[in-house]
Amino acid sequence: MKTVHVKTSKSYNVLIGHGLLNRCGELISQVCSPGTAAIITDDIVYALYAGITEMSLTDAGFRVVKFVFSSGEKSKNMAVLNEILEFLAGEELTKSDLVVALGGGVVGDLAGFAAACFKRGIPFVQIPTTFLAAIDSSVGGKTAVNLAAGKNLAGAFYQPKLVICDTDIISALPPGLFSNGLAEAIKYGFISDPILFERLSAGSPRQELEDSIYRCVLSKAEIVGKDEFDGGLRQLLNFGHTAGHAIEKCSNFTVSHGHAVSMGMVIAARAALSLGLSNEDCLSPILKALNNNGLPVSCPYSAEELTGAALSDKKRSGGRINLIIPRKIGQCHIHKIDVSQLPGFIAAGLGD
Ligand SMILES: NC(=O)c1ccc[n+]([C@@H]2O[C@H](COP(=O)([O-])OP(=O)(O)OC[C@H]3O[C@@H](n4cnc5c(N)ncnc54)[C@H](O)[C@@H]3O)[C@@H](O)[C@H]2O)c1
Ligand SMILES: [Zn+2]
């Protein structure tokens, strides 16, 4: 088992290793004294992992209650949040009890926000079950739900007490969910960890998975530790995401986040190279890494379509956009441009 210590205003550990779900009760009892544990999960994860989780928590002396909602982004809303809050109240949870978020990023964001709101904050633990949740959403304390006007518009910074990542769960993921997280893992390598980047570039990402997850979490923890509340540095995590978010929008969210980020990283690296913003050619290595892992590298949308989608939510940003630009493998920086320069950047990124 490996441990990453996240040094935020309330610090906590991320435990990464195999067989940890079976031991979650014992591990959680080291940070929260046994009371009621409310497992919040979706129906797919419930069928797979709620039984083991409940048994382990019960064995460690917790009273377990469960709230299950239907899987998918459509559930990340105020109505489901309200149902969770009413459930916690009905089960009479107190500040010495806890919420256990068992699932992917949707579960983590919803359950984390519920834990932040309920009685102005009760302890919560993240047990990520997707690759994306393991290396990204479960660490760093961003919790949120979507509003009609857009994604993640209502939320809170609220750090968990503990994150338990059972690598057996991530190893067993179906290919689509695995590759969704893999694009983000390659991103971490690219922005901050050349050894991880080199390893993942070989195209056998399930090998040394525990150490790869550890390295991703370490990168995220370092950045979050320096910029818990998103004042600037945390934007480095958005490498490939300006174009990536635009691609998701243009596709009406039929392109997965990971695939969109994959194409977005190519666009950013190509633009940086052709506009002379990088110290070395970062395009060839990112293309190799993505190709070797079966991730998409060419974008089906035009520069006009992408720019339109990217700018539709930039109306209030004061005319400036922060782009994440590679200097060399393992090092990126924030590059501010005027909104009027975005079409040129994206066109250069598409090779137009
Ligand atoms: N808080 C943050 O910092 C942060 C960062 C990145 C993304 N996010 C959020 O995370 C969400 C996306 O996360 P996600 O990709 O994990 O989505 P998700 O939680 O919807 O999970 C994707 C699908 O996989 C299923 N699933 C989960 N675990 C499984 C398993 N072990 N085996 C089989 N199926 C499983 C789920 O039921 C769901 O259908 C978005 O809402 C995004 O906004 C948050
Ligand atoms: Zn992402």
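Student: How many residues surround ligand 1, and which are the closest?

Tutor: This is a predicted model. The shell around ligand 1 holds 10 nonpolar, 11 polar and six charged residues. Together, 27 residues surround the ligand, and the closest are Ile44, Ser71, Gly104, Gly105 and Ser137.

Student: Which elements give two or more residues to the shell around ligand 1?

Tutor: The closest residues include Ile44, Gly105 and Ser137. Look for helices that span such positions. The elements are helix H2 (43-59), helix H4 (105-117), helix H5 (131-137) and helix H7 (175-192).

Student: How many helices and strands are there in the protein, and how compact is it?

Tutor: There are 14 helices and 11 strands. The C-alpha trace spans about 60 × 40 × 35 Å along its principal axes. For 352 residues the globule rule gives 20 Å, so the protein is as compact as a globular protein of that length, with a radius of gyration of 20 Å.

Student: What percentage of the residues count as buried?

Tutor: A residue is buried if 20 or more other C-beta atoms lie within 10 Å of its own. The count runs over the 352 residues of the protein, and the share that passes is 51%.

Student: In what order do the seven strands of the open sheet lie, and which stand at the edges?

Tutor: The pairing in this sheet is mixed, and the order is E1-E2-E9-E6-E5-E3-E4. An edge strand has a single partner strand, so one side is left without a neighbour in the sheet. The two edge strands are E1 (2-6) and E4 (63-69).

Student: Which residue in E9 is the bridge partner of Val14?

Tutor: Strands of a sheet pair through backbone hydrogen bonds, either parallel or antiparallel. Strand E2 (residues 12-17) and strand E9 (residues 162-166) run parallel, joined by five bridges. In E9, the partner of Val14 is Val163.

Student: Which helix packs on the sheet, touching E1, E2 and E9?

Tutor: Its direction makes about 10 degrees with that of E1. It covers residues 209-226. The helix is H9.

Student: Strand E3: is it largely enclosed or largely open?

Tutor: E3 (residues 36-42) is joined to E4 by seven bridges, and the two run parallel. One bridge pairs Ala37 with Val64 in E4. Six of the seven residues of E3 are buried, so the strand is largely enclosed by the rest of the structure.

Student: Where does Asp230 lie, and what is its phi?

Tutor: Asp230 is in the loop between H9 and helix H10 (241-250). It is partly exposed, with 13 other C-beta atoms within 10 Å. Most residues other than glycine have a negative phi. The phi of Asp230 is positive, near 65 degrees.

Student: Is Phe253 buried or exposed?

Tutor: Phe253 lies in the loop between H10 and helix H11 (257-274). Its phi is positive too, about 65 degrees, although it is not a glycine. With 12 other C-beta atoms within 10 Å, Phe253 is exposed.

Student: How far apart are the C-alpha atoms of Gly203 and Asn293?

Tutor: Gly203 lies in the loop between helix H8 (194-201) and H9. Neighbours within four places in sequence aside, Gly203 is in contact with Asn292 and Asn293. Gly203 and Asn293 are 90 residues apart along the chain, yet their C-alpha atoms are separated by 4.9 Å.

Conventions:
Residues numbered from 1 in each chain as written. Chains lettered and ligands numbered in written order. Predicted model: local features only at pLDDT ≥ 70, side-chain atom pairs only at ≥ 80, totals over all residues. Near = placed C-beta within 6 Å. Helix = DSSP H or I, 4+ residues; strand = E, 2+ residues; numbered from the N terminus. Nonpolar A, V, L, I, M, F, W, Y, C, P; charged D, E, K, R; others polar. Pairing = 2+ DSSP bridges. Contact = placed C-beta atoms within 7 Å. Axes fitted to C-alpha atoms, helices over the stretch in contact; angles between N-to-C directions. Rg over C-alpha atoms; globule rule 2.2 N^0.38 Å.
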